Structure formats: C-alpha cells, structure tokens
Number of protein chains: 4
Amino acid sequence: MGFLKTKALAAIGELMVNKIPFNHHLGFEFDSVSDDLCIIHFAMKPELVGNYFQGILHGGVISAALDMVGGTMAAVGVLNDNPATHISKLKNKLSKLSTIDIRVDYLRPGKGKMFYAKARLLRTGSKIAVVRMELVNEQEMQIAVATGTYLVG
Amino acid sequence: MGFLKTKALAAIGELMVNKIPFNHHLGFEFDSVSDDLCIIHFAMKPELVGNYFQGILHGGVISAALDMVGGTMAAVGVLNDNPATHISKLKNKLSKLSTIDIRVDYLRPGKGKMFYAKARLLRTGSKIAVVRMELVNEQEMQIAVATGTYLVG
Amino acid sequence: MGFLKTKALAAIGELMVNKIPFNHHLGFEFDSVSDDLCIIHFAMKPELVGNYFQGILHGGVISAALDMVGGTMAAVGVLNDNPATHISKLKNKLSKLSTIDIRVDYLRPGKGKMFYAKARLLRTGSKIAVVRMELVNEQEMQIAVATGTYLVG
Amino acid sequence: MGFLKTKALAAIGELMVNKIPFNHHLGFEFDSVSDDLCIIHFAMKPELVGNYFQGILHGGVISAALDMVGGTMAAVGVLNDNPATHISKLKNKLSKLSTIDIRVDYLRPGKGKMFYAKARLLRTGSKIAVVRMELVNEQEMQIAVATGTYLVG
C-alpha cells in the first residue's frame, strides 16, 4: 500500500468516526481500517443501557455502531475506486456519502465490557456500496449482524 | 378504554421510554400512546449530529428512535393481547420484550428542530409483533421509515 | 397527463411486466399504473402453492410479485424525473433498472383466489428509488408488505 | 450422527423442498443438508428470465430460492433443538414453520447455467431462527445474499 493510500485511510478514520459529535457522545472510537476490514470500538457505560432489568446495551447503540462502521467501510470502497491524490477531494466525496438503508439482526443480548463493530465490503460500485457488519464483545461473542446499502456516487 | 387499560398504557410509556438510561442520554421523551399509535419526540442537540458538514442527525440517532418507538408499540400489542390486571405482571412481560430485527430506510437528511418518531402495528400475535415506524420533523417532513420485528412471547 | 406520458406509462406496463418470461410462467399480469400507484395481479394456481398442508402461496411467489410491482413503480419514478419524448430512450433506461435490495414481511397466510400486488413511491432521485409494496387478496386482506431499493440512474 | 438424525434430515429435504409444487414449477431441487449447511440447486431455463435484454435470472427466482433454502435450514434448527424420534411428529412441526421476514441483497446479475442456494444458521431458539443465505452460480460467483427470520415454535 502506497504512502498516499495509507494517509487517505487514516483520514477516513479521522473524518468518518472521530470527528462526528454523536460518536463522542456515545464513546465510539476508530480502531483500525484496511482494504478488507474496518473496526470501531466502545466501552460499556451506564448511559448506553437499554434494558435496565438486564443491564444490556440499547438496540439503538448497536445499530448506531453498525451503521457507523458500515459507512466507514463504504468510504474505503470510495477510496479504492477513486484513488484520491488530494485529501481535500476525498473529504468532498465523503461529505456526500450517506446510508440508504440498513437491516440489523439482534442475535444475543448486548452483554460485555468492550464492544467491537466490524465491517466488510460485499459490493462496491460507482453509485452504491453494500456492506456487512457485526458487533462482538471482548470475548468474540456475536451480538448482532447487519447489512447496509450506502450511496457513494 | 377502561381505567386499568389507561393506567397500563401510561405504565408502558414510563417503563419503555422514560426509565431507559440511553433515552435520557439522547433526550428521547415519551409523547403519547394509544391502541393505534405510539409517539416519542426529541429536540435537535449538537451531540446528535452525524454529518457535521451538513449539521444533520446521525443515522444512529434515527434508528435508535425508530427502534425505541417500535418496541413501545409492540408492548402495546402485548397489552392488547394480554389484558393485564396487575402492573407487576405487565412489567415482567415487558422486561422480556426484545427486537429481533429492524430495517431502516433513510429517505431525507435529518434536518429540523424537533423530531417525532411514530409507530403503528402491522401484526401482533402470541410470539411476535411487526411494527411500522417513521421519523418526521416539526414540519411533518418524513426523514426515515422502518419496519421492525419484535419478540413478545 | 399528456398523451406522451400516458403512452409512456402504458409502455412501462408492457415492458416491465407482460414481456418478462418469468411473469408469464407465474401468471403475473399488468393491471394498472399511475404516478402514485402501480398494480399487478395474478390468480391462485396449484403450481404456486408453497405449503401443501395448508394450500397457501409460496413465499417466493409473494416476494417475486412484490419485487416486480416495486420495480415497475421505480420505472414510473424514472419516467417522472426524465420525461421521455422517445419510447426508445425510455426502453434504454428501463433495461438498466435493477433491484438493489428488498425486505419482505409475511403478515398472514397467502390464502385467496386472486392476488393484487401494489406499489407506491417513497423516494425518487437521479440514482435510486425507494418503494413500498403490499400484497392483498380479493377480499383486501393484507398478506405481505415490503420495501425495496432500486438503482435507476 | 445417529441413524434417526440422518433419516430426519433426509425427510426435511423431501418435505421442505421436493414435495412443494412451486419448487417443481421452477425446477428447484434438494441438494444436500447437514447441521451446518443446506444447499438446493436449479438450472437456468428460459422461463426463469427476468431481464430479457440481458438474459438474466428474475429477482423473484432468486428470492424464492433463498427463502426456500433458508426455511429448510430453519427446519434443521428445529430438528437440532427437538430430536424427533418420530417422523410424523417432525412433519407436524415443519408444517407450521413459516417465514417472518427476509431481506435480499442483489449483488451481481444472475448469469449462469446452474445455481446453488446455500444457507447457514445464525441463531436458533424455541421460537425463531435467523438464517443467512447466498446464491452462487456454477463458477462460485456470488449473485445475491439474504437474511431471513423464521417462526419455528
């Protein structure tokens, strides 16, 4: 991977995850990104609890994390298809990226101390990207999976 | 509607929306509920912004609000099918209600000052409920729609 | 509605429904189309049965009919956004229209003598269209609902 | 795997795929099933064509095959959770199995001579099963993926 590509990937993590106010509010942090896989992580906190009988993550936190990591992976798809020589040009493209739709399947209760949302590309093109996501806890237990369609063109 | 039913509906709003930590964190508030329609609302705040280029709601806020109102409507379906004479019995049933899956379609940018998430039942039964949701702003512009399946039995 | 628009709408019904081999195989027939609503219909036949214990429609027939009517409605969206003065130009656009994704919710058993698949536009744009569909029987009982995203650009 | 389990798995293939009229109509045939994976296959035929400009599979054929193999895999989940000592008892359970909802993502045009629909379990329980499916052609090109929720209890 060339220097520019590495720099662009780092910019995606910064622009798509760390700079977004809502992510700060929930504690989502950029973890890593490559051509194949993007990961963000966040720690359990009292304010992320949905079911207070069971002390588990709110479904909305789960879908937010999955949408976030899915959109970031779609941005990598944009980067792969449009090798950006200028970060400013990439910023412009990323500012227009948006989620068209997402399906989330909640498989197991959101119990854990640390959570990892991971995304992989299913399809990229000049107009849309389709991404598969999953949420696991620190013991690699799969809590939810999702599929998202993103407008990238 | 009898006195007990009215009281039970009020309990659903309290138990399913206002008492949940994540909802406080985002500013989601119970608005109203009937046999046909459940509404929650929340105001725009800087920490709910996803796309800071455009100053619009994060997709995760949208899906969280839609899942929240959908689950509350599913709880009303539980109430309709199991007329609860004791609030404690209802509480027990509601503590087990969970989202199986949800699909969210993001139709327009989340611009506005106040947002309303609304839900209507498509199907109820002894095991699952299927609910349709939508998010509109204070000008009734439709921002997103969703369909959710909930485990109620 | 002008003469050309009427002619183009009729062409959509012919091109998108009646000419497709699979639709003949299942008995799907174009019913009607307007700017707001597209309808196709088909009769119950032994070869469309999925659950032979109950004699009801196969889920695949339901999703095929819903996808078909959804795509036809998306084509109307293309027409609305690109007033075609030449049918040949419209044909070219329609030949590229494709389903990105679809969610189908099966609400009730597919019992009936005649079925109607109906579609309404949720969103249109230069690149994608989002459509809501439903399947009802001859007694207007709602058997399934769906949401589809179509690539139109 | 015991003799009864093997016999029960074979019965699932026969009951869930080969005996269904719609499957005969489309040419779907049971291929193989194990605890982890279920496969059905079908050959390209003129009557399965959707886009006659391009000679590719109709989206409805794809979603029908994916729903079919998903439901069959859900049946295996039922079998795993309820070791059936009598085929008649299993038949009774399977006759009540139904699709709650399905999402299909169409990734690439349905070109090929032979198609394989494959399913794997994501989650099983006493009430619902969640299944992941994919359609590939004879060259293992992935044409579509899907996620389905099935009522099994």
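This is a predicted model: local features need pLDDT of at least 70, side-chain atom pairs count only at pLDDT 80 or more; totals for chains, interfaces and linings use all residues.
Figure 1. The C-alpha trace of chain A spans about 50 × 25 × 25 Å along its principal axes. The radius of gyration of chain A is 15 Å, which agrees with the value near 15 Å for a compact globule of 153 residues. Of the 153 residues of chain A, 50% count as buried.

**Figure 2. The relation between chain A and chain B.** The strands concerned, S5(A) and S5(B), run antiparallel and are joined by five bridges.

**Figure 3. The contact between chain A and chain B.** Chain A contributes 30 residues to this contact, and chain B contributes 30 residues. On the side of chain A that touches chain B, two or more residues come from each of helix H2 (21–26), strand S3 (49–51), helix H3 (59–81) and strand S5 (98–106) of chain A. S5(A) gives the largest share of that side, with nine residues. By class, the side of chain A that touches chain B has 15 nonpolar, nine polar and six charged residues. The copies meet through the same surface, because 100% of the interface residues of chain A are also interface residues in chain B.

**Figure 4. The sheet that runs through chain A and chain B.** An open sheet of 12 strands has the order S1(A)-S2(A)-S6(A)-S7(A)-S8(A)-S5(A)-S5(B)-S8(B)-S7(B)-S6(B)-S2(B)-S1(B), with antiparallel pairing. Strand S1 (29–33) of chain A and strand S1 (29–33) of chain B stand at the edges; each has a single partner strand, so one side of each is left without a neighbour in the sheet. From one strand to the next, the twist averages 20°. Within chain B, strand S7 (residues 128–137) pairs with S8(B) in the antiparallel sense over nine bridges. Ala129(B) has Tyr150(B) of S8(B) as its bridge partner.

**Figure 5. The two H3 helices on the sheet.** H3(A) packs on the sheet, where it touches S1, strand S2 (38–43), S5, strand S6 (114–124), strand S7 (128–137) and strand S8 (142–151) of chain A, together with S5 of chain B. The direction of H3(A) makes about 40° with that of S6(A). Helix H3 (residues 59–81) of chain B lies across S1, strand S2 (38–43), S5, S6, S7 and S8 of chain B, together with S5 of chain A. H3(B) runs at about 40° to S6(B).

**Figure 6. The contact between chain B and chain C.** Eight residues of chain B are in contact with eight residues of chain C. On the side of chain B that touches chain C, at least two residues are supplied by each of strand S5 (98–106), strand S6 (114–124) and strand S8 (142–151) of chain B. That side divides into four nonpolar, one polar and three charged residues. Chain B is superposed on chain C by a rotation of 180° with 0.0 Å of shift along its axis, at an RMSD of 0.0 Å. Arg103(B) comes closest to this rotation axis among the residues of chain B, at 3.9 Å (C-alpha). Of the interface residues of chain B, 100% are also interface residues in chain C, so the copies meet through the same surface.

**Figure 7. Glu140 in the loop between S7 and S8, in chain A and in chain B.** Glu140(A) is not a glycine, yet has a positive phi of about 65°. Glu140(A) counts as exposed because 7 other C-beta atoms lie within 10 Å, and the limit for exposed is 12 or fewer. In chain B, the phi of Glu140(B) is also positive, near 65°. Glu140(B) is exposed, with 7 other C-beta atoms within 10 Å.

Methods: Residues are numbered from 1 along each chain as its sequence is written. Chains are lettered from A and ligands numbered from 1 in the order in which they are written. The radius of gyration is taken over C-alpha atoms; the globule rule is 2.2 Å times the number of residues to the power 0.38. A residue is buried if 20 or more other C-beta atoms lie within 10 Å of its own, exposed if 12 or fewer, and partly exposed in between; C-beta atoms are placed from the backbone. Two residues are in contact if their C-beta atoms, placed from the backbone, lie within 7 Å. Helices (H or I, at least four residues) and strands (E, at least two) are DSSP runs, numbered from the N terminus. Ala, Val, Leu, Ile, Met, Phe, Trp, Tyr, Cys and Pro count as nonpolar, Asp, Glu, Lys and Arg as charged, and the others, Gly among them, as polar. Two strands pair if DSSP finds at least two bridges between them. Copies are superposed by least squares on the C-alpha atoms of residues with pLDDT of at least 70 in both. Axes are lines fitted to C-alpha atoms, for helices over the stretch in contact, and angles run from 0 to 180 degrees between N-to-C directions.
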